[in-house]
Amino acid sequence: MHELRIAQAVIDIVESEITRRRLKKITAVGVRVGALSGVHPDALSFSFEAATMETPLAGAKLVLEYLPAKAKCRTCGRPFEVEEFVFLCSSCGSGDVEVTQGEELDVVYLVGE
Amino acid sequence: MNNRIAIEKKVLSANDRLAAAIRAKLEEQRILSLNLVSSPGSGKTSLLERTLGALNSTLRIAVIAGDVQTENDANRLVKAGGRLVRPIVTGGACHLDAAMVTRALDQLDFGHIDLLFIENVGNLVCPSSYDLGEDMKVALISTTEGDDKPLKYPAMFRRSSVLVINKTDLVGLSDFDVPRARDNALTINGKLRIFEISCRSGDGLQAWYEWLIEQAAIKKGRPS
């Protein structure tokens, strides 16, 4: 399952931060998921839970921040929210747009000590 | 006491780092690299067979062919004349990643390649998240699929530079409408360069070959 590999990548980052910062216990992991990242939030939560079972990270909560897709039109300069993945400027209809938000897939924070 | 510790690290940073290393290595030799993506059965391997047959004496072409199981695609490409073909068997992963491509590239001599194709696993979802160090993604759809394909898999078509519509010889045998497919694709990505081809009949392939030759020359820094 694709999100399982993503969950494992999150876990790898968390484990490397635990080592680097000499942390003892993690209770939560904050992850930012953009609408265009190709990752489904529910599948990621499920995969994270499955992958941390019976590991030192078991019980750590995955807190997801979901970011909608936003873009800026290069023709008229106006920003807009990308609805239903239609990448056409909502003001002038141009297809020459630049994505400004939505491709994020980041480990944002850890809660622990 | 429970502290909130800021991390701000990209989840795919490991893959991105490897992809950046691949990109740098290909840049050094000015090798044009194309990541071929599509649903299973759209015609990636057929397109590569045709391309090898037509351009093998014009361009030095290498192919990395990925699949979940078997080396069937890689074997077809060797039969079609591919001299630099390396298979990747993922054994379960639904996409290629930069680590797999790095290992395959380690088996190739970079000094003798003009054009590298990476034939990804047939999947329009997962491969869009994994940078392989390529110059461009080339997405394929075929006329036996729905013409709303680009709308259903926007992330992939958004991240592609080229769309190849294959199996034009079968237009009329399904409800696939080519102008509608083009419109749908351009709604998702207004910058897509679109080719309409048939690997079976050969229609439209000349424009594809000419584009490849032109792009490879641009990459090498030579006037085309």
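Two strands count as paired if at least two bridges are found between them by DSSP. Keep that in mind for the whole talk. One caution too: this is a predicted model.

Let's start where the two chains meet. Strand β6 of chain A, residues 105-112, is joined to β1 of chain B by six bridges. The two strands run antiparallel.

Now the wider contact between the chains. Chain B gives 26 residues, and chain A gives 26 residues. Which elements of chain B give two or more residues to the side that touches chain A? They are β1 (3-10), α6 (154-158) and α7 (178-188). The largest share comes from β1(B), with eight residues. By type, that side of chain B divides into 14 nonpolar, seven polar and five charged residues.

Next, inside chain B. Look at strand β3, residues 61-67. Seven of its seven residues are buried, so the strand is mostly covered. B:Ile61, B:Val63, B:Ala65 and B:Asp67 point one way. B:Ala62, B:Ile64 and B:Gly66 point the other way. All of them are buried.

What does β3(B) pair with? One partner is strand β5 of chain B, residues 115-119, through five bridges. Those two run parallel. Within that pairing, B:Ala65 has B:Glu119 as its bridge partner. Another partner is strand β4 of chain B, residues 84-89. That pairing is parallel too, over six bridges. There, B:Asp67 stands opposite B:Val89.

A word of background. Strands of a sheet pair through backbone hydrogen bonds, either parallel or antiparallel.

For the antiparallel kind, go over to chain A. Three strands there form an open sheet in the order β4-β3-β5, with antiparallel pairing. The edge strands are β4 (79-81) and β5 (97-101) of chain A, each pairing on one side only. From one strand to the next, the twist averages 35°. Strand β3 of chain A, residues 70-73, is joined to β4(A) by three bridges. In that pairing, A:Ala71 stands opposite A:Phe80.

Back to chain B, for a pair of helices. Helix α1 covers residues 13-28, and helix α4 covers residues 98-105. They pack at an angle of about 30°, with their axes 8 Å apart. Angles under 35 degrees count as roughly parallel, so α1(B) is roughly parallel to α4(B). The crossing of α1(B) and α4(B) is left-handed.

Who makes this contact? From α1(B), we have B:Asn15, B:Leu18, B:Ala19 and B:Ile22. From α4(B), we have B:Ala98, B:Ala99, B:Val101, B:Thr102 and B:Leu105. Seven of these contact residues are nonpolar, two are polar and none is charged.

Last stop: B:Arg76. This residue lies in helix α3 of chain B, residues 72-79. Is B:Arg76 buried or partly exposed? Partly exposed, because B:Arg76 has 17 C-beta neighbours inside 10 Å. A buried residue needs 20 or more. What does B:Arg76 touch, leaving aside neighbours within four places in sequence? B:Thr45 and B:Glu49.

Methods:
Residues are numbered from 1 along each chain as its sequence is written. Chains are lettered from A and ligands numbered from 1 in the order in which they are written. This is a predicted model: local features need pLDDT of at least 70, side-chain atom pairs count only at pLDDT 80 or more; totals for chains, interfaces and linings use all residues. Axes are lines fitted to C-alpha atoms, for helices over the stretch in contact, and angles run from 0 to 180 degrees between N-to-C directions. Helices (H or I, at least four residues) and strands (E, at least two) are DSSP runs, numbered from the N terminus. Angles under 35 degrees count as roughly parallel, over 145 as roughly antiparallel, 65 to 115 as roughly perpendicular and the rest as oblique. A crossing is left-handed if the near helix is turned anticlockwise from the far one by less than a right angle, and right-handed if clockwise. Two residues are in contact if their C-beta atoms, placed from the backbone, lie within 7 Å. Ala, Val, Leu, Ile, Met, Phe, Trp, Tyr, Cys and Pro count as nonpolar, Asp, Glu, Lys and Arg as charged, and the others, Gly among them, as polar. A residue is buried if 20 or more other C-beta atoms lie within 10 Å of its own, exposed if 12 or fewer, and partly exposed in between; C-beta atoms are placed from the backbone.
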